[in-house]
Amino acid sequence: MEQIADIQMVDLKKQYARIKSEIDQAVLDVIASSRYIKGPVVQAFEEELAHYLDVKHVIGCANGTDALQVALMALGLKPGDEVIVPSFTYVATAEVIALLGLTPVMIDVDPHHFNVTANLIRPAITPRTKAIVPVHLFGQTAPMEEIMDVATEHGLYVIEDNAQAIGADYTFSDGKSAKAGTIGHIGTTSFFPSKNLGCYGDGGAIFTNDDDLAANLKMIANHGQSKRYYHDRVGVNSRLDAMQAAILRVKLPHLDDYCARRRQVANAYTVLLETVDKIAPPQQVEYSSHVFHQFTMMVPAEDRSRLIDHLKQDGIPSMIYYPVPLYKQKAFVDHWPAGRELPITEQLCDTVMSLPIHTEMDEALVTYIGSSVLRYFS
Ligand SMILES: *Cc1c(COP(=O)(O)O)cnc(C)c1O
């Protein structure tokens, strides 16, 4: 097969080219307006995203990590309070917990969908537990209904880390549905360029249906300010730029289409790859749609690095999300008993790998990449 040039994990250049005139105009309009911080464009985006998510409040902030930090700060927790998080996630989720002097309690994830479940959460609950931060990893939600049930039973807050699953739909057992990130007390997201709804720099947002929490979140993100130059508490400076908001206003109407394209790519990969015994393509749960932030499959540990090299020779990038359990990161040694391991997290860190997936992939590219994987295993 002839090599395809310049394959990317995510192709932001081609995506921009399709919406260039609208984006350029939106950015120029912000520059001409001289309203660079807060202002009407940020407010309009917050309202449009709230409408899309069907959530009462959206508060823009500087990035997805800040979104998590501000969310935690709004809960009024005390040093030493425990917050349950998955051990198989991006570092930001646990980092902000430790940063605030809280104790991250890392738990294992389900081997099929890579997310936490009520059964995994329950044994980790102690009298000091105050909150749970489920992560909707790779684009599919954690089982929120059972997680909310456990939380209610024990009086815990739930913050959904929705950096990877914006646009996904969760279906409750009564048939009702809600957008990922709007089910817990607070939801957070990131607009990092490679996320499903990415801006052209850093950006993030916090969602909630609770008016009191919303007021608190807004205040914390703005120097703890209740009115200008009156500071009720110690906050942070975390703002979504007007220029980023303008870009996001152009991209938001495309989000469903972007998710659909990712789903098409994932389905095409799955059809090709499920013919190989040694590959476990991503499994889809019935309660959540999948927006495929990543296409993450499992391969035998002994094959993984050779497969990655094989793909590289065909010009195909791939990534390991995530190679090291959070509790094995040096940053968290104080939060974990030496030598203890969580078996599923260990297994996933040894066997997962992610193939390129983005909105600009055509069938030829999916076939090229899939065939290269098949050739390795043949
Ligand atoms: C990207 C990401 C974040 C952090 O977002 P930033 O905007 O990079 O700060 C947090 N949690 C998860 C799961 C992420 O994927």
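Visitor: At what angle do helix α2 and helix α8 pack?

Guide: In this predicted model, helix α2 spans residues 39-53 and helix α8 spans residues 242-251. Their axes lie 8 Å apart, and the angle at which the two helices pack is about 40°.

Visitor: Why is α2 described as oblique to α8?

Guide: The angle between the two helices is about 40°. Angles under 35 degrees count as roughly parallel and those from 65 to 115 as roughly perpendicular, so an angle between these ranges falls in the remaining class. The relation of α2 to α8 is therefore oblique.

Visitor: Is the crossing of α2 and α8 left-handed or right-handed?

Guide: The contact involves Val41, Val42, Ala44, Phe45 and Glu48 of α2, together with Ala242, Ala245, Ala246, Leu248 and Arg249 of α8. These residues divide into eight nonpolar, no polar and two charged. As for the crossing in which α2 passes α8, its hand is left-handed.

Visitor: Which residues lie closest to the centre of the largest pocket?

Guide: The largest pocket holds about 450 Å³ of space. Its lining comprises 25 residues, of which the closest to the centre are Tyr90, Gln164, Phe192, Lys195 and Tyr322.

Visitor: Which element supplies the largest share of the lining of the largest pocket?

Guide: At least two residues of the lining come from each of α3 (64-73), α4 (92-99) and β8 (186-190). By class, the lining residues divide into ten nonpolar, twelve polar and three charged. The largest share, three residues, comes from α3.

Key: Residues are numbered from 1 along each chain as its sequence is written. This is a predicted model: local features need pLDDT of at least 70, side-chain atom pairs count only at pLDDT 80 or more; totals for chains, interfaces and linings use all residues. Side-chain values use heavy atoms; hydrogens and water are left out. Axes are lines fitted to C-alpha atoms, for helices over the stretch in contact, and angles run from 0 to 180 degrees between N-to-C directions. Helices (H or I, at least four residues) and strands (E, at least two) are DSSP runs, numbered from the N terminus. Angles under 35 degrees count as roughly parallel, over 145 as roughly antiparallel, 65 to 115 as roughly perpendicular and the rest as oblique. A crossing is left-handed if the near helix is turned anticlockwise from the far one by less than a right angle, and right-handed if clockwise. Contact means heavy atoms within 4.5 Å. Ala, Val, Leu, Ile, Met, Phe, Trp, Tyr, Cys and Pro count as nonpolar, Asp, Glu, Lys and Arg as charged, and the others, Gly among them, as polar. On a 1 Å grid over the protein atoms alone, a cavity is a set of points where a 1.4 Å probe fits but cannot get out, and a pocket is an open set with protein on both sides within 12 Å along at least five of seven lines; lining residues have an atom within 4 Å of a point. Grid points are joined across faces, edges and corners, and a volume is the space filled by probe spheres set on the points.
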